[in-house]
Amino acid sequence: MKLRKPETLVFLLALIFYAATMFPESPYNEQVRQAYAFLHGHVQIDAPNSFLEHAQVGPYSYALHPPLAPILLTPFVAIWGMSTNQTMCSVLIAAVGVMLAWTLFKRLELPTEQCVWLTVFFGIGTIFWYEGTIGTTWALPIVTCAVFLLAMLIELFGANRPLWIGIWGALACLARYDAALAMPVIALLSMRKERTISEMLWIAPAFLVVGVFFVWLNEVRYNNFFDQGLEYIPNVAHGHWSGVQYLPGNLYTLLFMAPKVDGTFPYLHPSFAGQALTLTSPAFVLALRPSFKRLEVSAMGLCAVLISIPSLVHSTNGFAQFGARFYIQAYPFLLVMLAMGMPRKTDQLTKILIVVSVILVAFGVWHVHEWGLAGP
């Protein structure tokens, strides 16, 4: 992917802005600890029981999150060791994500003005800003997944080379396993864009490599084909994925959960339990504007739904969090829908909703910097 001057400028502006608004270094740095372990030839991590959740298997502690983010951090950890600031690394990765969003909008042939509006929306009008600048154990994998999904969509709506769609898609899955649910739809859409079945086979190599690594890592840690880490988290009566019983609560978080209101300045307080997507980034409603009769629109909508299913039936809603962080991996697909629904000239409704989104997210980031998140 060749970088041009506008992309470089967007990256630098995002990097400067995120660096200026980043949170202090967090002790919740599972990915640094995992990268350090990889560099020293083993997979078990140093996980203090006092503050870092992990899977304890006999004498060994194992990380709970997928391994791509630690792999990306290995060059930094090779230099700075356990002193590596994971939050700074997250800021760098998030800035790449903003640049890729700009590139995606350009690939969808939007005018520059619309690219600016939508890039601003993604970069500072969604909680991608918050998660990218807090860089914790739980934030970094989601941000990393979104970045690689953006790269995959750039390829899909550009040269549409199955090999590279496979590479970016497989890496996204190695950052968040639920991304795999969207991949069959992406493969079918790629094939519909003038690719033969024999050409589509080039998607497979990257997934095979990632699959072998996934199985090897799980066999080493759990003597199991699948990642069993969450099974070692105690005190979940019904398991982590137990069908639809968690669906109402997670839908409430996603669509309706509001900040707390009281008589203490600034009177509105983001709850640590989360805040609805509609109350952080209302401009996402514009993703419903394009016609679902268009194959690309319906495919992106289906991907957004499929990739969200594990979060919708999970036993927790993602707390502690500002917004609804489990659904960030759906953002790249929603951004395509937003772009496809844009009028020929940016209309007033779009501008208003984006500005409101920026204000809401900026307020949340400011509140967390100053006072943290409100309790239950």
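This is a predicted model: local features need pLDDT of at least 70, side-chain atom pairs count only at pLDDT 80 or more; totals for chains, interfaces and linings use all residues.
**Entry 1: the largest pocket**

I started with the largest pocket, which 40 residues line, and His65, Trp138, Leu230, His314 and Phe326 lie nearest its centre. Residues are numbered from 1 along each chain as its sequence is written, and side-chain values use heavy atoms, with hydrogens and water left out.

I wrote down what a pocket is: on a 1 Å grid over the protein atoms alone, an open set of points where a 1.4 Å probe fits, with protein on both sides within 12 Å along at least five of seven lines. Lining residues have an atom within 4 Å of a point. Helices (H or I, at least four residues) and strands (E, at least two) are DSSP runs, numbered from the N terminus.

Next I looked up the volume, the space filled by probe spheres set on grid points that are joined across faces, edges and corners. For the largest pocket the volume is about 1,200 Å³. Its lining divides into 22 nonpolar, 11 polar and 7 charged residues. Here Ala, Val, Leu, Ile, Met, Phe, Trp, Tyr, Cys and Pro count as nonpolar, Asp, Glu, Lys and Arg as charged, and the others, Gly among them, as polar.

**Entry 2: the second largest pocket**

The second largest pocket has a volume of about 500 Å³. I found 22 residues in its lining, with Leu254, Leu255, Leu277, Ala304 and Leu334 nearest its centre. Helix H12 (247-255), H13 and helix H14 (331-340) each give two or more residues. H13 supplies the largest share, 5 residues. What kinds of residue make up this lining? I read 18 nonpolar, 4 polar and no charged.

**Entry 3: the backbone**

I checked the peptide bonds. A cis bond joins Phe265 and Pro266, with omega about 5°. Pro266 sits in the loop between strand S3 (260-261) and strand S4 (268-269). The bond from Phe319 to Ala320 is also cis, with omega near -5°. Ala320 is in the loop between H13 and H14.

Then I looked at phi. Glu109 is not a glycine, yet its phi is positive, near 65°. It lies in the loop between helix H4 (86-107) and helix H5 (112-124). Is Glu109 buried or exposed? It counts as exposed because its relative accessibility is 71%. The cut-offs for relative accessible area are under 20% for buried and over 50% for exposed, with partly exposed in between (1.4 Å probe, protein chains only).

**Entry 4: the inside**

Ile127 is in the loop between H5 and H6. At 1% relative accessibility, it counts as buried. I listed its contacts (heavy atoms within 4.5 Å). Beyond four places in sequence, they include Thr280, Phe322, Arg325 and Val361.

I finished with the nonpolar cores, which are sets of buried Ala, Val, Leu, Ile, Met, Phe, Trp, Tyr and Cys residues joined through side-chain atoms within 4.5 Å. The largest has 102 residues, and Phe128, Leu153, Phe157, Met300 and Phe333 have the most contacts inside it. H7 gives the largest share of this core, 15 residues. Leaving out residues up to four places away in sequence, Phe333 touches Leu149, Ala182, Met300 and Ile307, among others. A second, separate core has 6 residues, including Ala55, Tyr62, Leu217 and Tyr222.
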